[in-house]
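Open the model in your viewer and keep the sequence panel beside it. This tour goes from one selection to the next and says what is there.

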Amino acid sequence: RRVHGGLPFTLITAIVAPMSSQSEPLKPPNASLVGTQGRCVLRLLQYTEDQRRRPPDNNIEYWKKFVAEYFSENGTMKIDVCRTHYETRSFEPCIEALPRLFKVKYDSGVKMELLFLENPREYILQNGFLLLDCPSASIVSVFEESQVWNYGHLRVIFTSNLKILCWEFFSRSHQEMLPRTLYMRPEAMPTSPVNEFGLTPEYSRCLLIAEVVHDMKDLIAFSAASGLGLGQNSKPNT
């Protein structure tokens, strides 16, 4: 839904609220709590800041270097978006698709992305990896004339050298914020830059394509190993 009177557009990159005793999360099994506002949160600050440092032409080479810097070679991303509480859609783009996804996101009108974390917790897993768990997170896409807030649950697993092994964001709802000045000028109301899932149409299409590519990875690998084309039958003709 669209709401007048959003926060100013010049927000800091991330806001981390302290943990309250009334919202203590469940501790993951086989993990040790290491506290809040630690290494994982700082790494996410760098992650969002480097997105803002993209070059003016938003070239794909920058995003290839960005993904190599922040994601492990076998890193994964899962994004759950929702239109209503009863209608959700999940995307799991493969690591190879991430540079294109970042490029398309900023080509489609996003000027800046902000990350708000409320009561984040960091854990050390038995294998030495780090888990950041934030049941109340907001990813804010800032456009020229509006902001789109996606509210949900963020979980990120980092390797020991702080590469993202698994990024998961489960959206519960979203809303579009408009400047207060537009409230007095209904005729100047801009067209919403996002669809019913809170994503730009271009980014949604890119996610769909990335999902198809992800689903075909095993088939492509088999084709390369066997020397058979994707349209060829692996069984001999009778």
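**Stop 1: helix α3**

Just after α3, select G109, which takes a positive phi of about 115°. Helices (H or I, at least four residues) and strands (E, at least two) are DSSP runs, numbered from the N terminus. This is a predicted model, in which local features need pLDDT of at least 70 and side-chain atom pairs count only at pLDDT 80 or more, while totals for chains, interfaces and linings use all residues. Residues are numbered from 1 along each chain as its sequence is written, and side-chain values use heavy atoms, with hydrogens and water left out.

Now select α3 itself. Because 8 of its 10 residues are buried, α3 is largely enclosed by the rest of the structure. Buried means under 20% relative accessible area, exposed over 50%, and partly exposed in between (1.4 Å probe, protein chains only). The buried residues are L98, P99, L101, F102, K103, V104, K105 and Y106.

Pick K103 in this helix. K103 has a relative accessible area of 16%, so it counts as buried. Not counting residues up to four places away in sequence, K103 touches D57, N58, I60 and W63; contact means heavy atoms within 4.5 Å.

**Stop 2: aromatic rings**

From K103, move to its contact W63. W63 is buried, with a relative accessible area of 0%, and F66 is buried too, at 3%. Both belong to helix α2 (residues 60-70), where they are 3 residues apart, which means about one helical turn between them.

How is a pair of aromatic rings described? By the distance of the centres and the angle of the planes. Rings of Phe, Tyr and Trp (its six-membered ring) pair if their centres lie within 6.5 Å; planes under 30 degrees apart count as stacked, over 60 as edge-to-face and the rest as tilted. The whole structure has 13 aromatic pairs. In one of them, the ring centres of W63 and F66 are 5.2 Å apart and the planes are at 75°, so the pair is edge-to-face.

Next, select Y47, Y62, W63, F66, Y70, F71, F102, Y106 and W167 together: ring pairs link them into a cluster.

**Stop 3: the nonpolar cores**

A nonpolar core is a set of buried Ala, Val, Leu, Ile, Met, Phe, Trp, Tyr and Cys residues joined through side-chain atoms within 4.5 Å. The largest has 42 residues, of which Y47, F71, L154, F158 and W167 touch the most other members. Another core, of 7 residues, lies apart from it and has M112, F116, V142 and W149 among its members.

**Stop 4: the cavities**

On a 1 Å grid over the protein atoms alone, a cavity is a set of points where a 1.4 Å probe fits but cannot get out, and lining residues have an atom within 4 Å of a point. Grid points are joined across faces, edges and corners, and a volume is the space filled by probe spheres set on the points.

How many cavities of 30 Å³ or more does the structure hold? It holds 2. Of the 20 residues that line it, select K105, E113, I139, L199 and Y203, the closest to its centre. Strand β4 gives the most to this lining, with 3 residues.

The second largest cavity has about 30 Å³ of space. Finish by selecting its lining: Y47, T48, E113, L114, L115, I139 and W167.

Notes:
On a 1 Å grid over the protein atoms alone, a cavity is a set of points where a 1.4 Å probe fits but cannot get out, and a pocket is an open set with protein on both sides within 12 Å along at least five of seven lines; lining residues have an atom within 4 Å of a point.
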